[in-house]
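Please keep the sequence and the structure open while reading.

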Amino acid sequence: MIQFILLFSRQGKLRLQKWYTAQTDKSKKKITRELVATILARKPKMSSFLEWKELKVVYKRYASLYFCCGIEQEDNELLTLETIHRYVELLDKYFGSVCELDIIFNFEKAYFMFDEFILGGEIQETSKKAVLKAINDQDVIQEEELEEKRSVLEDLGLA
Amino acid sequence: MPNMRGDGMRGLAVFISDIRNCKSREAELRRINKELTNIRQRFRTDKTLDGYQKKKYVCKLLFIFLLGHDIDFGYMEAVNLLSSNKYTEKQIGYLFISVIMNNSTEMKQLIIQNIRNDLQSRNPIFINLALQCVANIGEKEMATAFTNDIPRLLISGDTIDPVKQSAALCLLRLHRTSSDALQMNTEWTGRIIHLLNDQHLGVATAAVSLIEALVKRNPEEYKGCVNLAVSRLSRIVTSSYTDFQDYTYYFVPAPWLCVKLLRVLQNYPPPDDPSIRSRLNECLDTILNKAQEPLKSKKVQHSNARNAVLFEAINLIIHMDCESTLLVRACNQLGQFLQNRETNLRYLALESMCLLATSEFSHDAVKKHQETSERDVSVRQRAVDLLYAMCDRSNAQDIVQEMLTYLETADYTIREEMVLKIAILGEKYAIDYKWYLDIMLKLIRIAGDFVSEEVIYDRAEKGKVWYRVIQVVVNRSDVQSYGAKIAFEALQALACHENMVKVTGYILGEYGNLIALDPRSIPMIQFELLHSKYHLCSPTTRCLLLSTYMKFVNLFPEIKQHIQEVLRHESNFRSSDVEIQQRSIEYLKLSEVCTPTVLATVLEVMPPYPEKVSPLLVRLKQKKPLMDGSLSGAGGDESTAAVDGLNHESTHTETHKTNEQLTSSHAINLNQHTVQQQQQNGLLVSLDNESSTDENNYSLASILSNSSAPITSNNFYKQSSLDQQQSSFYPKPNSVPSTLGSKKLLFKTSDVIFENDLLQIGAKLETQKNICRCELYFGNKTDINMTSFSPSLALTGELIQQAFILELRVDAEQIKSTIEPKTQTKQMLTIECLKEFRDIPKMNLSFFYSNVPQKLEFSFPLYINKFIEKVEMDSNNFFLRWKNLDKPGQECQKIFSAKNPIDHEDCSQKLIGFGWSNLVGIDVNTENFCGAGILHTTGQQIGCLYRLEPNKQTKMYRLSVRASKDTVATRLTELLEDQF
């Protein structure tokens, strides 16, 4: 089971965090701080896996962003690496060559994407099409609701 | 402005841009505070806020939270959004609760009510939002509230697939966090299992995670999933990747589902049904075959996904541990990975290899790969580490042999460490001395350089391996002739390290006679063999050999002439080396003038070394870990003693002098001991004072250290006596009888575990499976700050017996070093039970109280029973299991007299407090108690059953405990026998 996923920049700024086990804010901050420091200190050729406390940590860097997953002892490291990759692909497809800024400005979308892809720390849907369809459906509803709002305002002569 | 999707809340985007444009941290903080003030005011005063505005502000709060700031308002507005009928508003409301409020108790009922409404919605997209929220928060109240709704959604025929997926994982989360609140109806079992067969791969993927968790909880109930998992797996691995459309990931069909299926199967023994078993073997075979096919893509994603499945298949093969062909194939595959360019693969291969090595079938196969040369030294280091780490009593001989073989070809940079590790393992797991000697001589043969001077044991022990070898031989009469034999054989090699010459020279000089009857090693041959090396050796070794020759004169009078010739030889008799010359002259004279009786006395066999001589030897007997390094100071001197005595001293006084040297060098050692002893005595004295008031008389629980108290470091010693004078200004903490923590937490989960005039320490434990979370509260009872406060939990006795296989792993939170007067500070500890343990940890505490260093040490009352989880079962089950645990060692029975009046309720509470269940109605005699529990350790789960029979007439109890692992029953009985 995935315990948490952290996205942080090369400068060590946390961009997104998703926790799948209950943690206090204090311990979240502590874990993040320690892991960011550990991973940034590693050399590029080193393996993507490390033992950390009772967890295994799998990470990979995409451009300026590090994606990092804390998993349990019996979890599969290589597959976690591909879980990260699939998430990157999803973001990429949705935003159209995703960059760090997309995630900063649309953090809520990145969260919604997580909930469609991974739930409770386990993979929910591995099909790229299915996940993107769910997100696009959300966007369609959003558009409709926006339309509705505009037309109400128009009716009132406010728009 | 970057890409904005959807309705793009403009205000939010502007705010984010503003923050990003801030030049300094202060500017950012100002901007945030301004925004927070604004939002707070809007929320408070503006009653006309519409949903969109609320959503926008809540989103801003979320962003501020993600920047690392605390958010303490807006909760109500977020919860309001939940009841909006607009999806986007609802969604942001749920997001806010999931991210920010996930462990707050506020408005819980309101949230649950909203979730309930959405779960009952006709719109699946609303249902999913609610499910995702429950899965993200996953708390007990929700488990209780939705214990019916969620499973119903999962198994109902008219639920659409995405909702099923969410429901499965939502249920999984609730099961993990609060399985006791969740009532899983057994009627659902069959339908849940059948989700494995669902034609939608997404549903199957989500369901298999849930099933794995349920299987772990109740393997028997979910046994049916084995067949389904095997057939699903088989369908995937035998199909073409084109059959799965979007579920194929870089040419690998459904890797996530495959891995999960393989995981589920690791919870069961190999299937009994031959057809299923052969189908499973085919699957595993196919996966192994696919690994040999050429890659379908150069992308790393392809090979990663393929290998992810492969590694999981190998895990299953290792788990089943019965198909030797598969095991060997798996092992060869891992061997291939060891040579792979990818660091990741080498890393994982070593990890799996380690698992494999524990399997009977594959041990040989693993061996083959130990010699593989690893390009990356750090990974190679890991290989050695793994070998070393997986060594235990059962495989030590193989592993040490293995490492010796590897050592021959090992890289020079890791040889030194390998030699050290082999020496440690050899000693730690020595079963008999012959084996130990074999290993050590091999070690000298292979890596003589590293065995010699200060290289080995450089920090911990400046001992030399070859001295130890000699000491073992001298002290053990039963291995003397064996030692002589193998040393003699070892020296026959063409090239021989000088250390080997030394060892053999010394041993033959003492015990050459024991092998002289063998025609292959008659005296003359022994002598010639040694002498053939003589000219190649350094002067020190030659000196040693001259002494050996002299000993031969006594042992073998028939070759006296040859020896005298050597002694008389120019190069010795007139050697430029004074020592050689002196020895030659004196030995020659000795051999000429003395009668055989005098010779026999002078050249008598060396007496055994005093037992304390060699820390290595001492440890060899005690089988204790080597690395505690307390003898480092004395090591150097000591090492010159054993054999160098032979070099320096001549004739008459030789034996004597050697002994003298020995004693003197050990005096240093001894002195050290004495110092320690005294310090320890100090401890004991202060303890003795206290234990008179100790009611329980169990163990040394606490020592209050005042100025006269134990301070382990000598430097400290002086300092404290200085400080003592100052301290008289303050109320002196006399040795107050401390509350003793003996068996304190045996039945309870929280208690005061230590108290004296200065300090009170409370502990609160919460255990889940093999993990115990412990909160410690340190309370300063005084009116003065305690500074440099540093508590630590140390493992003692058996807990570190096997130095590298710990029984407990403790992870302690850092705490602030000062405790203010009359306040408490809290420390969180996470203690993992790796193996069942016997000795309890020790708490060491040091701090300064009015500049006086204080040191406390007391037993931390964490007993093995804290890792017991109670198990309920019916009487059939109970007696079946009871009968199955009938091997010797699995049962322990004690009869003891009652300390308190026998009270049924009291017993029952104690037994429940102890951790296991108190099953009513199992035993026909209602006065008796029965129950069961599982002892969780990282490595295994140990089933425990007990029966307690009180006898009111005799005021006695009979306690019988059975456990699936040796020694556990005994330990549990010991814990309880004085408690009733």
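In what order do the five strands of the open sheet in chain B run? The order is E4-E5-E6-E9-E8, and the pairing is antiparallel. The model is predicted.

## The sheet of chain B

Two strands sit at the edges of this chain B sheet: E4, residues 750-755, and E8, residues 808-812. Each of them pairs on one side only. On average, neighbouring strands are turned by 25° against each other, with direction ignored.

Strands E6 and E9 of chain B are joined by nine bridges. E6 covers residues 771-780 and E9 covers residues 824-833. The two run antiparallel. One bridge pair can be named: B:Phe778 has B:Thr825 in E9(B) as its partner.

## The sheet of chain A

Chain A also has an open sheet of five strands. Its order is E2-E1-E5-E4-E3, with antiparallel pairing. The edges are E2 (14-19) and E3 (49-52) of chain A, and each pairs on one side only. From one strand to the next, the twist averages 20°.

Strand E4 of chain A, residues 55-62, is linked to strand E5, residues 65-71, by seven bridges. These strands run antiparallel. Within this pair, A:Lys60 stands opposite A:Phe67 in E5(A).

## Helices on the chain A sheet

Helix H1 spans residues 25-40 and touches strands E1, E2, E3, E4 and E5 of chain A. The direction of H1 makes about 60° with that of E1(A). Helix H2 spans residues 77-95 and touches E1, E2, E3, E4 and E5 of chain A. The direction of H2 makes about 40° with that of E4(A).

E3(A) and E4(A) run antiparallel and are joined by four bridges. They form a hairpin with two residues between them. In the turn, A:Lys53 has a positive phi of about 50°. A:Glu51 has A:Lys56 in E4(A) as its bridge partner.

What does A:Lys56 form with A:Glu77? The two form a salt bridge, with the closest N and O atoms 3.1 Å apart. A:Lys56 lies in strand E4 of chain A and A:Glu77 in helix H2 of chain A, so the pair ties together parts that are 21 residues apart in sequence. Over all chains, the count comes to 52 salt bridges.

## The interface of chains A and B

The size of an interface is often given as the accessible area lost when the parts come together. Here, chain B and chain A bury about 6,500 Å² between them. Of that area, 53% is on carbon and sulfur atoms. The contact takes 76 residues from chain B and 71 residues from chain A.

How many salt bridges are found across the interface of chain B and chain A? There are five. B:Lys260 forms a salt bridge with A:Glu122, and the closest N and O atoms are 2.8 Å apart. On the side of chain B that touches chain A, helix H16 (residues 300-320) of chain B gives the most, with eight residues. By class, that side of chain B has 36 nonpolar, 23 polar and 17 charged residues.

How values were computed
Residues are numbered from 1 along each chain as its sequence is written. Chains are lettered from A and ligands numbered from 1 in the order in which they are written. This is a predicted model: local features need pLDDT of at least 70, side-chain atom pairs count only at pLDDT 80 or more; totals for chains, interfaces and linings use all residues. Side-chain values use heavy atoms; hydrogens and water are left out. Two strands pair if DSSP finds at least two bridges between them. Axes are lines fitted to C-alpha atoms, for helices over the stretch in contact, and angles run from 0 to 180 degrees between N-to-C directions. Contact means heavy atoms within 4.5 Å. Buried area is the accessible area (1.4 Å probe) that two parts lose on being put together, summed over both. A salt bridge is a side-chain nitrogen of Lys or Arg within 4 Å of a carboxyl oxygen of Asp or Glu. Ala, Val, Leu, Ile, Met, Phe, Trp, Tyr, Cys and Pro count as nonpolar, Asp, Glu, Lys and Arg as charged, and the others, Gly among them, as polar.
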